[in-house]
Amino acid sequence: MPDSPIKIDVAGWVEQARTNPTAHRQRQGVVTILNAIAAKAPLNKKMFLKGGILMGLAYDSPRQTVDIDLTTSLKAENDAGEWIRGQLDEELPRVADQLGYNELVIAVQSAKWQRGGFPDAAEFPALKLTVGYAPRGTSQEKALKRGRAANVIGIDISFNECLGHIQILEITGGQELFAYGLADLIAEKYRAILQQVTRNRNRQQDIFDLDLLISGNDINDQFRTQILKVFIEKCRSRELEPTQASLGVPEVKERSGAKWETMELEVGEIPDFEGCYTRVSEFYESLPWGK
């Protein structure tokens, strides 16, 4: 069952960027997409927000990404991308007008399968959509209508993911958008940290996000049990067998801090990596592994 709704001031989030016209219009695009998903059945019951946008809207993260990360309970069928594209294209213009973004033209530009090209080529298929936006009556609008928008927002949609705790976000006009609950958000970020080794990636943002989530929320013993349960399920779905000592593996730590300083471009002043990693590791080790 979903957790109690969190009211999100999306209009305020957009207005925070008022002094930067590029970022302001970008946020208008993001909010239009989120409201379109929330308004369009059955997308509104089968799409679950996660990632940087969720961190920014619900947990006051300074790490304001633009691309939208979602998990879906839709079946990964060959035509899923075009079907989702059609659903969004029906809703986006209406929602932009409803939000008062009369000068914003917005439409899906592409929908492509990742990780092999087709959903049956991967156990965990993913779709990549791009949504273009432009000021009305400009050459940018003409490019958008040709499918070549200069400004785009990426939407990454994951299929076949484990879902535990769902959070409802109450956005514009009381509309409800489904999102990862805090337990799922924390669990997925810990799994991503461990997957750095097998996927040959560096994910410094997850340590930053986890430090914020852990320090900013009162997490009791019962909730720690929920986190561990969801975390183990998510790991086993990817053939990982985590232990209490997993974050002590040198390569995991090295990859987590390899590009730590690059986040200054995104958030400004950043905390010390060693302090962040220590806090995140201590919380991980404090989960009820023995039980």
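Colleague: Where does Leu74 lie?

Modeller: This is a predicted model. Leu74 sits in the loop between β3 (68–72) and α5.

Colleague: Is Leu74 buried or exposed?

Modeller: The cut-off for buried is under 20% relative accessible area. Leu74 has 15%, so Leu74 is buried. Leaving aside neighbours within four places in sequence, its contacts are Leu43, Lys46, Met47, Trp83, Ile84 and Phe159.

Colleague: How far apart are the C-alpha atoms of Leu74 and Thr225?

Modeller: They are separated by 28 Å, and the two residues are 151 residues apart along the chain.

Colleague: Next, the helix after that loop. How many residues does helix α5 have, and what length does it reach?

Modeller: Helix α5 covers residues 80–98, which is 19 residues. From first C-alpha to last it reaches 27 Å, close to the 27 Å expected at 1.5 Å a residue.

Colleague: Where in α5 does a kink lie?

Modeller: At Leu92, shortly before the proline Pro93, with an angle of about 30 degrees. Just after the helix, Gly100 takes a positive phi of about 90 degrees.

Colleague: Which residues of α5 are buried?

Modeller: The general idea comes before the list. An α-helix has 3.6 residues a turn, so residues three or four places apart point the same way. In α5 the buried residues are Ala80, Gly81, Ile84, Gln87, Leu88, Glu91, Leu92, Val95 and Ala96. Their cover includes α2, α3 (43–46), β2 (47–50), β4 (104–113), β5 (126–135) and β6 (152–159).

Colleague: You mention α2. Which helix holds His24, and is His24 buried or exposed?

Modeller: His24 is found in helix α2, residues 21–39. His24 has a relative accessible area of 8% and is therefore buried.

Colleague: With which side chain does the side chain of His24 make a polar contact?

Modeller: With that of Glu15, at 3.3 Å. Not counting residues up to four places away in sequence, His24 touches Val14, Glu15, Ala17 and Arg18.

Colleague: Last, the largest pocket. What is its volume, and how many residues line it?

Modeller: The volume is about 780 Å³. The lining has 27 residues, and those nearest the centre are Lys50, Asp69, Asp156, Arg201 and Arg203.

Colleague: Which element gives the most to that lining?

Modeller: α7 does, with seven residues. Elements that each supply at least two residues are α4 (51–59), β5, β6, α7 (182–199) and α8 (204–215).

Notes. Residues numbered from 1 in each chain as written. Predicted model: local features only at pLDDT ≥ 70, side-chain atom pairs only at ≥ 80, totals over all residues. Heavy atoms only, no water. Helix = DSSP H or I, 4+ residues; strand = E, 2+ residues; numbered from the N terminus. Buried < 20%, exposed > 50% of the residue type's maximum accessible area, 1.4 Å probe, protein only. Polar contact = N/O pair within 3.5 Å; in protein donor to acceptor, adjacent residues only side chain to side chain. Contact = heavy atoms within 4.5 Å. Expected span 1.5 Å × (residues − 1). Bend = angle between axes of the 7 residues up to and from the residue. 1 Å grid on protein atoms, 1.4 Å probe; cavity = no way out; pocket = protein on both sides within 12 Å on 5 of 7 lines; lining within 4 Å. Points joined across faces, edges and corners; volume = space filled by probe spheres on them.
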